[in-house]
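Me: Could you walk me through this structure with a few questions and answers?

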Amino acid sequence: MDYFNAFWVGGLICALVQILLDKTKLLPGRVMVLLVCSGAVLSFLGFYQPFTEYAGAGASVPLLGFGNILWKGMKKAIDENGFLGLFTGGFTACAAGVSAALIFSYLASLIFHPRMKE
């Protein structure tokens, strides 16, 4: 049942975002920022943790989950370091994921030799 919940919740998030992209004039970059900020706000309000417990990877993998991770890192760092944690917490919480994305995308570019479209 965990896989099923992750699949349908993640699929629903992706479908809603696709509808948002198709039916509005919002650019993809702005939609991505909206998702990250929405995840952080939902985490702040306390709604995202129960959602993640129900949906698992279906809620933690999309960009909403990235906002959740940023908020958790900032909250922890603020509790430990005070005001300075506001600036450092998000970076330390998501450093491994961002680093992995950069490293693997660089390796993929070495293997597949991407080119600009003409």
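Me: Happy to start with the overall fold. How many helices and strands does the protein have?
Reply: Please keep in mind that this is a predicted model. From the N terminus on, its elements run α-α-α-α-α-α. The count for the protein is 6 helices and 0 strands.

Me: What share of the residues in the protein is buried?
Reply: The C-alpha atoms fill a box of roughly 50 × 35 × 30 Å along the principal axes. The chain has 118 residues, and the buried ones make up 23%.

Me: Among contacts between residues at least 6 apart in sequence, what percentage joins residues at least 24 apart?
Reply: Contact here means heavy atoms within 4.5 Å. For the contacts you ask about, the value is 51%.

Me: Now to the aromatic rings. How are the rings of Phe-44 and Trp-71 arranged?
Reply: A search of the whole structure gives 4 aromatic pairs. For Phe-44 and Trp-71, the ring centres are 5.3 Å apart and the planes stand at 90 degrees; planes over 60 degrees apart count as edge-to-face, so this pair is edge-to-face.

Me: Which helices does that pair of Phe-44 and Trp-71 link?
Reply: The two residues are 27 apart, so the pair links distant parts of the chain. Phe-44 counts as exposed because its relative accessibility is 55%, while Trp-71, at 22%, counts as partly exposed. Phe-44 sits in helix α2 (residues 28-45) and Trp-71 in helix α5 (residues 63-81).

Me: What separates Tyr-48 and Phe-51 along helix α3?
Reply: These two also form an edge-to-face aromatic pair, 5.5 Å centre to centre with 70 degrees between the planes. Both lie in helix α3 (residues 48-55), 3 residues apart, so the separation is about one helical turn.

Me: Is Tyr-48 buried or exposed?
Reply: The cut-off for buried is under 20% relative accessible area. Tyr-48 has a relative accessibility of 1%, so Tyr-48 counts as buried.

Me: Last one: how far apart do the centres of the positive and negative side chains lie?
Reply: The protein has 8 positive and 6 negative side chains. The centres of the two sets are separated by 10 Å.

Methods. Residues numbered from 1 in each chain as written. Predicted model: local features only at pLDDT ≥ 70, side-chain atom pairs only at ≥ 80, totals over all residues. Heavy atoms only, no water. Phe/Tyr/Trp six-rings, centres within 6.5 Å; stacked < 30°, edge-to-face > 60°. Helix = DSSP H or I, 4+ residues; strand = E, 2+ residues; numbered from the N terminus. Buried < 20%, exposed > 50% of the residue type's maximum accessible area, 1.4 Å probe, protein only. Lys, Arg positive; Asp, Glu negative; His and termini not counted. Charge placed at Lys NZ, Arg CZ, Asp CG, Glu CD.
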